[in-house]
Amino acid sequence: MRLEESVEVRASRQVVWDYIADADHHPLFMAGLTRWHVDGDAEMRCGSRINMRMRVGSAHVGSLIEITEFDPPADMAWNSVTGIDQRGRWRLRDAGPARTRVTLRLAYQSPGGLLGSIADRVARRDVQRNLRRSLERLKDQVEAGVATRSP
Amino acid sequence: MARDDALPDLLDDRDPDYIRDTLPAAWLLATLWHRAEVRGLENIPERGPVLLVGNHSGGNTSPDSICFTLAFTSYFGVERRFHQLAHKLVMASPGIGSFLQKYGTIEASHPNAEVALHAGAAVLVYPGGDWEVHRPSWQSSRVDFAGRTGFLKLAIRTGVPIVPVVSIGGQETLFVLTRGEALSRALGLDRLRLKVLPVSLVIPWGITLGDFIPRLPFPAKLTTQVLPPIDLREKFGDDPHLDDAYDYVTSTMQSTLDALAAERRFPVLG
């Protein structure tokens with residue numbers, strides 16, 4: 001199952017990047033997140049491993065993920081190591097002066113054959129809603145931070 | 001407590017790949033049929049042995065066990081060793097027993113529980129057993145361990161924390177009219193550690209005697225609250241008095257169950 005959500009943020013790419021590259025911020029804006037623990041020194045970089053879960057239906061679904069691409073201030077991608085098979089990507093692109101188009105992509109696949117495929121489709125609405133809300137919160141939080149810093 | 005290098009045979013049947021492949025079916029059942037919700041999983045220690053103590057509901061199919069196992073396994077991953085104790089007659093049921101073994105279920109006994117805890121596992125026990133799981137449905141919001149203190153002795157002997165797991169809704173997946181304990185005694189079933197022979201209203205059979213036939217659970221909403229760990233030695237000293245510990249654990253669970261019951265507006269619907 002492949003999902004994608006986008007939002008335009010009134011802030012520069014670097015500002016948005018700095019916000020999402022700080023692991024401590026993710027529990028603040030990721031909707032439905034019930035577990036978020038970065039192994040080691042908590043700094044996100046290529047190779048960082050994060051134990052994450054998201055409430056979807058009756059379970060806290062997720063994986064141990066590994067950051068596979070960390071390219072400031074443009075792309076951050078991950079793959080799962082254990083748990084639900086998933087890969088995802090933050091994609092930041094310029095959308096005008098001090099504006100950034102933020103795209104969040106997530107592809108996931110449950111085990112279990114046919115029942116797993118049915119579960120993926122049933123879960124889709126919850127997951128898509130969580131992604132959309134996450135981007136809305138990210139936009140609010142980043143723009144509030146920009147406003148605070150402006151003279 | 002260190003995990004034994006050589007895993008005892010008793011625990012060998014647990015199959016993480018099988019669990020992983022069947023979790024979506026459990027998720028569909030829990031999400032679509034029971035609208036299940038498990039809260040407080042963060043109260044369970046991240047690693048190491050722990051004794052999860054639950055109130056038992058829903059007859060032998062015990063749907064809240066299925067929903068809790070789904071929640072635990074999704075949250076901590078299939079890699080974390082997790083065993084559940086079940087009555088020997090459940091484990092002897094054709095089909096069901098082998099299915100449960102793959103999920104890590106082992107026959108309920110003190111030695112078995114100790115083996116699992118010594119292996120570093122999280123172990124789920126239901127002290128109320130068949131007595132509590134077949135209580136009349138109008139006692140849905142009552143914790144009834146029948147005075148059994150074995151779980152306390154186990155926790156004290158092994159030095160592991162108790163984590164209470166309180167569920168509501170399971171007793172509305174069937175309607176138990178009576179436990180039938182007198183009938184069980186009259187038929188001599190109590191000698192098989194079967195102290196009850198419940199009379200229930202179930203789908204699709206109507207009124208049934210005993211709880212041995214497969215049935216469709218009523219789609220009751222299930223809610224589970226996991227509570228913070230209880231260290232009996234820390235709470236009651238090096239030699240805890242069992243009555244005090246029993247009262248403390250059961251009253252803590254009963255308060256939580258009362259709160260969960262107060263949230264429910266309608267039977268079955270939740």
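**Close-up views of a predicted model**

**View 1. Nonpolar surface patch with residues from chains A and B.** Helix 3 of chain A, residues 113–149, gives the most to the nonpolar patch, with 4 residues. This is a predicted model. The patch covers about 440 Å² and is made by A:Leu114, A:Leu115, A:Ile118, A:Val122 and B:Leu32.

**View 2. A:Val122 in helix 3 of chain A.**

**View 3. Open sheet of 7 strands in chain B.** The strand order is 1-10-6-2-5-3-4, and the pairing is mixed. Strand 1 (37–39) and strand 4 (105–107) of chain B are at the edges; each has a single partner strand, so one side of each is left without a neighbour in the sheet. On average, neighbouring strands of this sheet are turned by 25° against each other, direction ignored.

**View 4. Strands 2 and 5 of chain B with helix 7.** Strand 2 (residues 50–54) and strand 5 (residues 122–125) of chain B pair in the parallel sense over 4 bridges. Within this pair, B:Val53 of chain B stands opposite B:Val125 in strand 5. Helix 7 (residues 150–158) of chain B packs on the sheet and touches strand 2, strand 5 and strand 6 (162–168) of chain B. The direction of helix 7 makes about 165° with that of strand 2 of chain B.

**View 5. Helix 10 of chain B across the sheet strands.** Helix 10, residues 242–263, lies across strand 1, strand 2, strand 6 and strand 10 (223–226) of chain B. Helix 10 runs at about 25° to strand 6 of chain B.

Note on methods:
Residues are numbered from 1 along each chain as its sequence is written. Chains are lettered from A and ligands numbered from 1 in the order in which they are written. This is a predicted model: local features need pLDDT of at least 70, side-chain atom pairs count only at pLDDT 80 or more; totals for chains, interfaces and linings use all residues. Side-chain values use heavy atoms; hydrogens and water are left out. Two strands pair if DSSP finds at least two bridges between them. Helices (H or I, at least four residues) and strands (E, at least two) are DSSP runs, numbered from the N terminus. Axes are lines fitted to C-alpha atoms, for helices over the stretch in contact, and angles run from 0 to 180 degrees between N-to-C directions. Contact means heavy atoms within 4.5 Å. Patches are made of residues with over 30% relative accessible area and no salt bridge: like charges are joined within 9 Å, nonpolar side chains (Val, Leu, Ile, Met, Phe, Trp, Tyr) within 5 Å. Accessible areas come from the Shrake-Rupley method with a 1.4 Å probe; for residues, only the protein chains shown count as cover. A salt bridge is a side-chain nitrogen of Lys or Arg within 4 Å of a carboxyl oxygen of Asp or Glu.
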